[in-house]
Amino acid sequence: MTQSLTLENINAHYGTTQVLEDLSLHIAEGELVSLLGSSGCGKTTTLRLVAGFLEPTSGSIKLGDRDLTRLPAHARDIGLVFQTYALFPHLTVRDNVGFGLKQRNITGAERKKRVDTMIERVGLGELADRHPANLSGGQRQRVALARALVIDPPLLMFDEPLSNLDAKLRVDMRVEIRRLQQANGTTALYVTHDQEEAFSISDRVAIMKGGKIMQLDTPEVLYSQPANAFVADFVGFDNMIEMEAVAEAGDAVRAQMAGGVQIDLPKSQFTIPSKKFLFATRPEGLLVEPETGGFGIPAKLGMRTYIGRAYQYHCDTAGGVVMANGPQATPFESGSAAMLVPQPEQCCLLPTES
Amino acid sequence: MKTRIHPVLIVLTVLTFLFLLGPLVVIIGSALSDTTYLTFPPQGLTLHWFANIFEISAFTRTMGTSFMLAVAGTTLSMLIGIPAAYAMARYRIELPAFLGNVFVLPILIPEIVLGFSLMKSLASGFGLPITLALLVGHALIVLPYTVRVVGASLNSFDFSIEEAAVSLGCPRIKAFFTVVLPNIRAGIIAGFILAFITSLNDVSISIFLTGPGVSTLPIQLLAHMEQFFDPTIASVSVLLMGVTVAVMAVVERTLGLTFLTK
């Protein structure tokens, strides 16, 4: 019953403001893809377009072979879980869950059986006759989940489903969502602004900005190989140093940063994307070593903080202030000169934003 | 710790209550007076004047008219007011802001001006029969109450509930009746009652729109007072007051009075 979702060249506007720009996205059968980004990036708009609450200016939305683009929302057959849960306050848990089946004219014993099974599956058997007002936030979200799943939809969509829950419950619920989604093998589109949440449960994540997908990949690839400066910054590459390739030096490319400081980047470990590029790392990608004149970026150490597994330093370099980690065994004094040695597997060379 | 209440505050409170309730006590007293003229304090006690209401056909007839008018007028205003309030709450961003104020106009325009213009337009202009003109007039003057009270309910309604219903396969119109209406029920009841009482007690609009053979209770009361000055007037007033109090008591019991002031 599960189906793939395909968005092709979607453009959407609110009045004259363009909120989605030529967006294309394919979610395979049974796959969970998250749309991740800050507010206003277009992630919720995308979800509402697929749900049928908004209409795109152009482009097409397909669920399996079915063209949804101009289909009314109630005919789309999509399970939706809302941030505010959106349970029917005047109905019991049982009637909330049964609502979708009732619309499909599934009555009597079959409806009862499907509803009861689903309520059991989300662990709310005891609470079936309660009204939503008498449930906790987590229980409400379970009812919302059961209500969306019971109609056995070809596509499930989540709109920030956990942001009204407290931290502990958020982790439990996202595991629960993933478990149920995988057990059913349902294709899912998940909207969130929480990076950890998106990375932990998704097969693939689309990082969005200004109505466009900046990068769509597995969490692992996004985390270690961001494709551009925006994504790099988003996933925690705090250090960005502007560099320019100035010469070949044997097996290495000689790169120059502000102030004329040069560093040789071995070709075997670094691929230069363009003449001007950004050298991006997390703090653990730059290792603080004594000044020896070898491979590295010369720096003057500033404030030192202890972060448990290492010391972290604010470092003044020619390319600006960067964060770097140093070994626990040999702490450096503030003010001393040091060499920041890039760890190639934790560094990225990115094209500069044009 | 005991809270100290300033004596002046106590005096002011008592005076306010006397001012508000005093006239009502006078009316109730006069209605019970065993005299053929209005007087207070009552001389002797009798329920004769209450019985008298039902012996004067003009009162029983107009009482019927008033109740029918209040029910029909309020219902008509609901049929217009609920969709209007829904549209304004649902499409708050898309719709111009002044729309909400348009529906309050019947309260803002001096009643006598409104009454006169309704007479000119409905009765003289369109030549509507008296009953129909009264119905339209009453629906119009109670519209602000229905729109505002139902609107208050809808403003706190989470419209994603409606979207949830739609996503589960329920068409928009059906979703309105099965999911939206049951959840703004309290607002509808409250709006209905406020509108009902307003219509029942209206004088200024009705006085322009009533005519030969068709009148409402408050208008009949005025007419009666011009000819007779017996305690029947007071007893009718007490009866109207009683209906209002009874309705309020029902609201208080079922929804809480805060509902009306929200």
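The centres of domain 1 and domain 2 of chain B, taken over C-alpha atoms, lie 31 Å apart. The model is predicted. Chain B holds 14 helices and zero strands. It also touches chain A, through 15 residues of chain B and 18 residues of chain A.

**Chain B overall**

- Chain B has 262 residues, and 36% of them count as buried.
- Its C-alpha trace spans about 70 × 70 × 30 Å along the principal axes.
- Read along the sequence, the pattern of chain B is α-α-α-α-α-α-α-α-α-α-α-α-α-α.
- Take the contacts in chain B between residues at least 6 apart in sequence: 72% of these join residues at least 24 apart.

**The two domains of chain B**

- The domain assignment of chain B places domain 1 at residues 1–46. Domain 2 covers residues 57–261.
- The two domains of chain B touch each other: nine residues of domain 1 are in contact with nine residues of domain 2.
- On the domain 1 side of this contact, six residues are nonpolar and three are polar. No charged residue is found on that side.

**Helix 6 of chain B**

- Helix 6 of chain B runs over residues 111–125.
- Its buried residues are B:L114, B:G115, B:L118, B:L122 and B:A123.
- An α-helix has 3.6 residues a turn, so residues three or four places apart point the same way. Keep that in mind when you look at the buried residues of helix 6 of chain B, among them B:L114, B:L118 and B:L122.
- What covers these buried residues? The cover includes helix 5 (105–108), helix 7 (130–155) and helix 11 (206–209) of chain B.
- Just after helix 6 of chain B comes B:G127, with a positive phi of about 60°.

**Where chain A meets chain B**

- The contact takes 18 residues from chain A and 15 residues from chain B.
- On the chain A side, the elements that give two or more residues are strand 6 (78–81) and helix 2 (93–103) of chain A.
- Which element of chain A gives the largest share of the side that touches chain B? Helix 2 of chain A does, with three residues.
- The chain A side of the contact divides into eleven nonpolar, five polar and two charged residues.

Conventions: Residues numbered from 1 in each chain as written. Chains lettered and ligands numbered in written order. Predicted model: local features only at pLDDT ≥ 70, side-chain atom pairs only at ≥ 80, totals over all residues. Buried ≥ 20, exposed ≤ 12 C-beta atoms within 10 Å, placed from the backbone. Helix = DSSP H or I, 4+ residues; strand = E, 2+ residues; numbered from the N terminus. Contact = placed C-beta atoms within 7 Å. Nonpolar A, V, L, I, M, F, W, Y, C, P; charged D, E, K, R; others polar. Domains from an automatic or database assignment.
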